[in-house]
Amino acid sequence: MPSSWLQFDAVPADIFALLTVTAAFTSFFTACFGIGGGVMLLGVMAQVLPPQLIIPLHGVVQLGSNGGRVLLGWQHIQWRVIGAFLPGAIIGALLGSFVLVALPPSVMYLTIAAFILYSCWGPKLPKMVLGTLGTFMAGAMTTFISLFAGATGPLVAAFMKQLEVDRFRTVATFAMAMSLQHGVKIVVFEGMGVSLDDWWPVLVCMILSGALGTWIGFKMLKRLADKHFHTAFSVVLTLLAIRLIWQAIGQW
């Protein structure tokens, strides 16, 4: 075991606690409402992490979170959809690896802020037929974008909602697609030499707290109304995006 796994003091205690609690809450949110927690987690992580580590660290946590939902719904996965999505995701990641460079912090902040604002207030994507080619393109485009924006769950969900199957199969297939997308994204960042060694303790705690949040969320799923919660969620994310824009302006 690498010694860095035991260096809990490598990350400030307040950031360690904030990220661990946030992972639990955002996983709870996603379990209750199907989507949105990844974007919220990205917004919080962007406030406290070095810009170059936001996307890879977020990818590891989301891989763990979606992986848990895959295990819970394994028998419901639509493998035909995944079989078309995965090759597209790999190609999207490869193309992104040629474009992705050490972006200035201001560009990273603005990219994430723009994505958050679009997710909250932008127009819905047009409906698309999820044939093999459409699913392949969805995998390629969203994976490419995820290397720069991080949380592309809403974009992938726009395709998955067209499956017109029961919610269990939709959720399980969506979780599997996102697990694969985050997995290939992590491979790209590893290949670029991004080191996460000092962050593994907090990543492990975030994944475990996320699993707890998911479990509680499933228990609360039938008891919650989402109308007002979604409004508050959008407002909080908008405030986070505005703060990121302000940080980007400060970098200039």
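I started at Leu-57. Leaving aside neighbours within four places in sequence, Leu-57 is in contact (heavy atoms within 4.5 Å) with Met-45, Leu-49, Leu-196, Trp-199 and Leu-203.

Ground rules next. This is a predicted model, where local features need pLDDT of at least 70, side-chain atom pairs count only at pLDDT 80 or more, and totals for chains, interfaces and linings use all residues. Residues are numbered from 1 along each chain as its sequence is written, and side-chain values use heavy atoms, with hydrogens and water left out.

Helices here are DSSP runs of H or I, at least four residues, numbered from the N terminus.

Next, H3 against H9. They pack at about 35°, axes 9 Å apart; axes are lines fitted to C-alpha atoms over the stretch in contact, and angles run from 0 to 180 degrees between N-to-C directions. By class, their contact has nine nonpolar, two polar and one charged residues. Leu-57 and Arg-69 are among the H3 residues that meet H9.

I checked the length of H9 (residues 200-220). At 1.5 Å a residue, its 21 residues should span 30 Å, and the end C-alpha atoms are 30 Å apart, which agrees. The expected span is 1.5 Å times one less than the number of residues.

Last, Asn-66, in H3 (residues 51-72).

Terms used. Helix = DSSP H or I, 4+ residues; strand = E, 2+ residues; numbered from the N terminus. Nonpolar A, V, L, I, M, F, W, Y, C, P; charged D, E, K, R; others polar.
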